[in-house]
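Please keep the sequence and the 3D view open while reading.

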Amino acid sequence: MSVISVLSGPALVMAPMTKGGNLPYRRLCQALGATVTMSEMAVVRSLQHRRRGEFALIQRAPDERCFGVQLAGRAPDELKWGAELVASRGADFVDLNLGCPIDEFTRRGLGSALLRQPRRIERLVAAMKEGAGPVPVTVKIRLGWNEDERNAVDVARAAEAGGADALTVHGRTRSARYRNAADWVAIGEVAQAVRIPVVGNGDILFPEDIARGRTLSGVQAVMIARGALIKPWIFAEALGQVVDDSPEGRLAIYREYVRLAKEHFGDDERGHTRLRPFLVWHLGLWCRHIPRQADGSYVPMQERAVFASPSSPLEALLARPEPEVHGWIADRLMAGDELIPGDLPADIVPDPPADPRDRRDDRDSRQRHPTETPAAG
Ligand SMILES: Cc1cc2nc3c(=O)[nH]c(=O)nc-3n(C[C@H](O)[C@H](O)[C@H](O)COP(=O)(O)O)c2cc1C
């Protein structure tokens, strides 16, 4: 089936994510049900300068079923070159980044800076089509540069006029970053304005969020970013599969990531050194998972609640937010050791409060940390 027919249906797309879209994590998400995976954003200029790190970003896993490479660029000739390169390396589609909000990129006219120039977008997409040949070209946009410049419909029409085969809409503006909830009604308005398939993106953490997004927007295909980082099994849940998200079940998923990552980075000292920062980073997102309440309710993506009542010492350990704890867990996972909460060195960092209302006690306990007592000072 072509990627465009896939995107016309109820596809579950793993979003392009810098760092988060590393190759082994994409394999994990695919194994858990992601229909489409995407590379981290690669800057065409860096590819043209033959930067090895940039080429690593566009590498496809041999078993990746439907893989798109995302490019950032601002000139037609460079994007044509980039699309040709990516197509020749076996990507199933090539995507243009029109959403990156980071100043460092927008100052250079990349990412969401281009949203302000729909006519240019048409030319960029046309150039990519020329370079990509038969390989489809897609575009990922936001609702606009800011609330006063919500021009997603114009941008989408320009992309379509340039020949884009599909479009993803992240339902927020550049200036909103992640502050407000994604606007799925606005995503639907864009979908109504074009004939090409539209993928909706924003705030999906539980299957109900997908159902709600589909109802509000009318789009079928959805893209998941932070939800996939916090709980990679969201894809399996979305497919209606029963997922063991008990602490032990989650740990098995995290161990599977370590297995895949060792395959990729190498299962030796050098490989472990490369893997560790990724693993610590992922633990910093995995710890944000808060399971459903007994009544089936859940904390939505935009509410950064504190997990107040872990059901076991292992669950409490996995919810710890401190990077030092993540480092300790990462070392155990990489060594293939059992993860015994009681083994966590007591002086690694103070224990978290049992209840979020006890936060002041946490500060007090930090002050009482052994190395900070008057005796130690
Ligand atoms: C860690 C991280 C890295 C991201 N990197 C990219 C990127 O390289 N390209 C891109 O188009 N969007 C990137 N995004 C944005 C996501 O693809 C997505 O549009 C956004 O997070 C909204 O989806 P969500 O609400 O499901 O997180 C990134 C998001 C995160 C959290």
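## Model and domains

The structure is a predicted model. Its chain is assigned a domain 1, residues 3-238, and a domain 2, residues 247-344. Taken over C-alpha atoms, the centres of domain 1 and domain 2 are separated by 27 Å. Domain 1 puts 18 residues into the contact, and domain 2 puts in 17 residues.

Strand E9 spans residues 221-224 and is covered on both faces. Ala221 and Met223 are buried on one side, and Val222 and Ile224 are buried on the other. In a regular strand, side chains alternate between the two faces of the sheet.

E9 has parallel pairings with strand E1 and with strand E8. E1, residues 12-14, pairs with E9 in the parallel sense over three bridges, and valine 13 stands opposite methionine 223. E8, residues 198-201, runs parallel to E9 and is joined to E9 by three bridges; here valine 199 stands opposite alanine 221. Between E8 and E9 the chain passes through helix H10, residues 207-217, in a right-handed β-α-β crossover.

## Ligand shell

Which residues come nearest to the ligand? Of the 23 residues around the ligand, these are Ala15, Met17, Met41, Ala225 and Arg226. By class, the shell around the ligand holds nine nonpolar, nine polar and five charged residues.

## The domain 1 side of the contact

On the side of domain 1 that touches domain 2, the elements giving two or more residues are helix H2, residues 23-31, and helix H11, residues 226-230. H2 provides the largest share of that side, with five residues. The class counts for the side of domain 1 that touches domain 2 are 11 nonpolar, two polar and five charged residues.

## Helix H2

Is H2 mostly covered or mostly open? H2 is mostly covered, with eight of its nine residues buried. The buried residues are Leu23, Pro24, Tyr25, Arg26, Arg27, Leu28, Cys29 and Gln30; two arginines, Arg26 and Arg27, are among them.

The buried residues of H2 pack against E1, strand E2 (37-38), H11, helix H12 (234-238) and helix H13 (247-265). Just after H2, glycine 33 takes a positive phi of about 125 degrees.

Technical notes. Residues numbered from 1 in each chain as written. Predicted model: local features only at pLDDT ≥ 70, side-chain atom pairs only at ≥ 80, totals over all residues. Buried ≥ 20, exposed ≤ 12 C-beta atoms within 10 Å, placed from the backbone. Helix = DSSP H or I, 4+ residues; strand = E, 2+ residues; numbered from the N terminus. Pairing = 2+ DSSP bridges. Right-handed = clockwise from strand over helix to strand, strands pointing away. Near = placed C-beta within 6 Å. Nonpolar A, V, L, I, M, F, W, Y, C, P; charged D, E, K, R; others polar. Domains from an automatic or database assignment. Contact = placed C-beta atoms within 7 Å.
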